[in-house]
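Please view the sequence and the structure first.

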Amino acid sequence: MTERTLSMIKPDGVSKNVIGDVIRRFEAANLKVIAIQMRTLTKKEAEGFYAVHRERGFFSSLVTFMSSGPLVALVLEGEGAILKNRSLMGATDPKQAEAGSIRADLAGSIEENIVHGSDSKESADFEIPYFFSQLALNG
Ligand code: ATP
Ligand code: MG
């Protein structure tokens with residue numbers, strides 16, 4: 001099934017200069033970039049995005065990290081895009097991530113792990129409109 005998923009290249013990925021490396025992996029896996037935006041989130045915006053994690057011990061550190069500099073939000077479209085993106089990303093902790101995955105190759109820690117990806121259709125349906133208006137999704 002053709003799906004859409006929300007990806008982010010987090011502030012560590014932007015500062016490490018690997019935007020192109022990450023997008024190349026998406027394209028090589030047949031995921032199409034249909035919308036793209038660079039911005040720096042306020043703390044409030046980062047809190048709203050990660051609201052499902054607000055009770056977790058790492059929440060305030062995560063929000064500080066995610067609002068620390070520019071990130072790139074993307075909408076990826078393709079066959080099975082949600083799971084395909086998760087598998088390209090690798091496990092949350094780069095030490096556990098599959099060889100050849102984005103996090104195994106590029107991430108420094110469980111928090112600064114280069115990319116985000118929607119983990120379900122329900123998450124994608126919340127996360128895509130968090131960044132992109134209907135009009136931005138026509139491409
Ligand atoms: P994401 O939601 O960013 O795609 P994920 O689904 O692999 O990542 P989640 O469990 O949803 O992982 O955690 C969200 C983010 O919170 C992680 O990507 C990471 O940046 C941070 N995080 C998760 N677990 C920890 C932890 N134990 N310590 C510090 N930060 C963490
Ligand atoms: Mg998650």
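The text below takes the helix, then the pockets. The model is predicted.

**Helix α5**

Helix α5 spans residues 81-89. Its buried residues are Ala81, Ile82, Asn85 and Met89. They share one side of α5, because they cover an arc of only 100° around the axis. An α-helix has 3.6 residues a turn, so residues three or four places apart point the same way. Leu83 and Ser87 are exposed on the other side of α5.

What do the buried residues of α5 pack against? Their partners are the strands β1 (2-9), β3 (71-79) and β4 (115-117), together with the helices α2 (19-28), α6 (102-106) and α7 (121-131). Just after α5 comes Gly90, with a positive phi of about 85°.

**Pockets**

The largest pocket has 23 lining residues. Tyr50, His53, Leu62, Thr92 and His116 lie nearest its centre. α5, β4 and α7 are the elements that give two or more residues to this lining. α7 gives the most, with three residues.

α7 also gives the most to the lining of the second largest pocket, with five residues. β1 supplies at least two residues there. Ile82 is among the residues that line this second largest pocket, and Ile82 is also one of the buried residues of α5. Other lining residues include Met1, Arg4, Lys121, Asp125 and Leu137.

Methods:
Residues numbered from 1 in each chain as written. Chains lettered and ligands numbered in written order. Predicted model: local features only at pLDDT ≥ 70, side-chain atom pairs only at ≥ 80, totals over all residues. Heavy atoms only, no water. Buried < 20%, exposed > 50% of the residue type's maximum accessible area, 1.4 Å probe, protein only. Helix = DSSP H or I, 4+ residues; strand = E, 2+ residues; numbered from the N terminus. Arc of directions from axis to C-beta. Contact = heavy atoms within 4.5 Å. 1 Å grid on protein atoms, 1.4 Å probe; cavity = no way out; pocket = protein on both sides within 12 Å on 5 of 7 lines; lining within 4 Å.
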